[in-house]
Amino acid sequence: MVAFVRTAAVVGLEPWPVTLECWVGQGLPGTRLVGLPDAAVKESADRAKAAIKSTGLEWPGQRIIGNLAPAEVPKAGAGFDLAFALGVLGATGVLKPEHLRGVWALGELGLDGSVRPTPGTLPIAALARSRSARCLLVADAAAVEASLINQLDVVPVADLRETVAVLTGAAPGRTAGRGEPAARNVVPDLADVRGQPLARRAIEIAAAGDHHVLLAGPPGCGKSMLARRLPGLLPDLGVEQAMEVAAIHSVAGVRDPSAPLDLVPPYRAPHHTVSIAGLVGGGSGIARPGEISLAHEGILFLDELLEMPRRNLDVLREPLETGEVRITRARASVRFPARFRLVAATNPCPCGHLGDSRTPCRCRPDRIERYRERLSGPLLDRIDLQVTMHPVVAADLLGESCEESTATVRERVAAGRARRAARRAVGGRVATSTALERLARAIDALALSSRSFDACLRVARTIADLEGAALVGPDHVDEAIAHRMPVNLVGAA
Amino acid sequence: MSGLLWRAVTAPGTDPERLRQVVADASDDAGGGTPDDAAAAWQEQGVLVALRGDAGYPRGLVERDAAGGPEFLAVRGSWPAGPAVAIVGARRASGYGVAVAAWLAEAAAKAGVTVISGGAVGIDAAAHQAALGHTIAVLGCGHGVGYPRPHARPGGLFDQLVATGGAVVSSYGPSTPPRPHVVRARNRLVAGLADALVVVEGGARSGSLVTAGHAADLGVPVLAVPGDVRQPGSTAPHLLLAEGAAPCREPADLLAAVGTSPVAVAAQVATTLPPSVHEQLAGAWPRPVRLDELARRSGVNTGQLLAAITAARVNGEVVEGHDGIRLRAAPA
């Protein structure tokens, strides 16, 4: 007899509907799982067996074959455990076909029969709803995440015993809770950052115009502190964006499935030793999202940018340009969204103290030049704002902060973003001709690269939006140039 | 063929055949290559070579140096006539040092005095830049080596120097790399070509101390620029002052050492900076002021301040270094 249980697999970010078919019949006792299972899936048989026996039910002493259809989609992870166990019970007659019809099951099984959450709950729930599932069975801990999808009957089940009881009608199904907003990601306040008026201004512009930023300065001058506070200046994510972010985090297994939908833009800060796969996605087996995708719609903070190998920096260029990353494998390609805002931090020189009034720089001038040259190139060209920071004087750190709070700056940023959206909807001229001439002249006089023209114009446009000016004027252009000036390092004025 | 080549690179007043002999005999640390290779490299660079004692070789050098100076001088460009001062200092220069070096160099050039320096980054570069048209760079390597890179590249400082009527000089074959003994010889040459020498900035082990030592040996007056007692860059000048060098507090001090004085400065164009900003910068000159200090002390809103600074950079009124912003010229 063959039983059918609906479930799903996630490839990249895409959920694929999977039908688990279970056949029990004559043959040497043994279990075989087919349909491109990976190692964890193959272990489902053992877990299911222990779980079924722990529940007090019988494990058939015959040949069991489980097929995860469609056969050519690769299957990974322990999420098929529950479906397989239900399939076995269906094939032995403990569960009748009408009990299993339209039922989707997702979860890992403990040897005692308990049901555990599995990554990818959210996109799978979305798929179940779109395929008109009768109900979706998930672990208690995953129920909140699955309930983010409306119009889907999500039934939390603590263990296999409860699952069987609910399906046979012996017990009513529970409903999922709302989820506790406890231990939410609280973004620290901008008022904590003392001094640094230039860097604060640059961060405000970055938030208002979605620009990438480079912060250069000695260790301890506050680069990570500022980066950490940037998400607070950004508006809350819209529900659709938040769901997309939640789906990515769910698939990567970094999302707490019992948490409600988080509307704060994500903040990711990988160490500079992160691998390429960790950074952009990939890895052996089914491709998983990388840090740039986990930072989608949010901030990616790369500290010690120049400590990263050149190759790693190179792979960032395309996602910075296109907002997504495509990972091609022999079998399939996977697309992950990656529209993130980059905040990069670096030291100004190899020893880190160039421009530090407290500690003199020990570097040889030609080493400094070579170090700075590593910063140049296509990656830097895409970073519109480049700020030099200095350590704050001790006196500034004492006493009450009279610096603007996140709330104040956030309001200005929101107003600027609103104007930007309105202006873009209308289109038309962006800058006065005086402003454009001024920009061209300055680029010439200050020997900036010709790529700076576009970057400065973009930043000037955001500055004008923040000010409420309809067109970019010469002053906006001048300020934009200041945010992109490489500082003269050694030698001639 | 070889004869034509040598005639092309020989300065008037020198015999090409004798030159070829001298180059062939010179202890060859030029990394291999025949004398003809050297001549070819010189020709490519547009260099003319003069032998010691000949018309194209500076008289002052022969007279001053007991050894008479290096055997030959390879010169690219034209040699400005008249008195000369050497302005030297560390490669790792502070904004203060660069400002003072530029101040002294500009005043010297305006007074018709040639500015000599070593063509290195830092103080040397600041002096050359401010005295374009009246300056000579003495290389610590051969003409074909391309060191330091930012200056030797096409359109870089050395090209600008030559194009405006100055000279780039080397006393070694074109492919000689900047080895320590070559750099030391350069320092001695700088001292020998000058009628006065000022050390602007340098650390305890700065090469400018060696140059000052040579100057003292050659009877060339040595001056030093006092600085902030806490800064490592003041170590060399203060050492020299303690040993009897004359303080150089302004261009008049330096020019007096060569028997002349600064010409009157033209009236300055009105500043485009907000008054409180200009006040801060003028008050601190020649020390630079950091942008965040400027933002705090001037009371000007950050965005407006940045715009004003950019405008002032474009019109040349201010200059930005790694340690802050300063006015390019001494305030009135």
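In this predicted model, 7 residues of domain 1 of chain B are in contact with 8 residues of domain 2 of chain B. On the domain 1 side of that contact, 5 residues are nonpolar, 2 are polar and none is charged. The assignment behind these names places domain 1 of chain B at 1–265 and domain 2 at 275–327. Their C-alpha centres are 33 Å apart.

Strand 5 of chain B, residues 135–138, pairs on both of the sides described here. With strand 4 of chain B (residues 114–117), strand 5 runs parallel, and 3 bridges join the two. Within that pairing, B:Ser117 has B:Ala137 as its bridge partner.

Most residues other than glycine have a negative phi, and most peptide bonds are trans. Chain B has cis peptide bonds to note. One joins B:Tyr147 and B:Pro148, with omega about -10 degrees. B:Pro148 sits in the loop between strand 5 and helix 7 (149–152) of chain B. Another cis bond runs from B:Trp285 to B:Pro286, where omega is near 5 degrees. The loop that holds B:Pro286 lies between helix 13 (275–284) and helix 14 (291–298) of chain B.

Chain A has residues with a positive phi that are not glycine. A:Ser132 is one of them, with phi about 55 degrees. A:Ser132 is found in the loop between helix 5 (121–130) and strand 8 (135–139) of chain A. With 9 other C-beta atoms within 10 Å, A:Ser132 is exposed. A:Glu297 also has a positive phi, about 65 degrees, and is not a glycine. Its loop lies between helix 12 (291–294) and strand 14 (299–302) of chain A. A:Glu297 has 19 other C-beta atoms within 10 Å and is therefore partly exposed, since burial is called at 20 or more.

A:Leu302 has A:Ala344 in strand 17 as its bridge partner.

Helix 2 of chain A covers residues 44–54, and its buried residues are A:Ser44, A:Ala45, A:Arg47, A:Ala48, A:Ala51 and A:Ile52. Viewed down the axis of helix 2 of chain A, these buried residues fall within an arc of 165 degrees, so they line one face of the helix. The elements covering them include strand 3 (30–34), helix 1 (39–42), helix 3 (81–91), strand 6 (108–109) and helix 7 (160–168) of chain A. After helix 2 of chain A comes A:Gly56, with a positive phi near 90 degrees.

What remains is the contact between the chains. Across it, 31 residues of chain A are in contact with 32 residues of chain B. Which elements give two or more residues to the chain A side? They are helix 8 (197–209), helix 14 (365–373), helix 18 (433–445) and helix 20 (474–482) of chain A. Helix 20 of chain A supplies the largest share of this side, 5 residues. By type, the chain A side divides into 18 nonpolar, 7 polar and 6 charged residues.

Conventions. Residues numbered from 1 in each chain as written. Chains lettered and ligands numbered in written order. Predicted model: local features only at pLDDT ≥ 70, side-chain atom pairs only at ≥ 80, totals over all residues. Contact = placed C-beta atoms within 7 Å. Helix = DSSP H or I, 4+ residues; strand = E, 2+ residues; numbered from the N terminus. Nonpolar A, V, L, I, M, F, W, Y, C, P; charged D, E, K, R; others polar. Pairing = 2+ DSSP bridges. Buried ≥ 20, exposed ≤ 12 C-beta atoms within 10 Å, placed from the backbone. Domains from an automatic or database assignment. Arc of directions from axis to C-beta.
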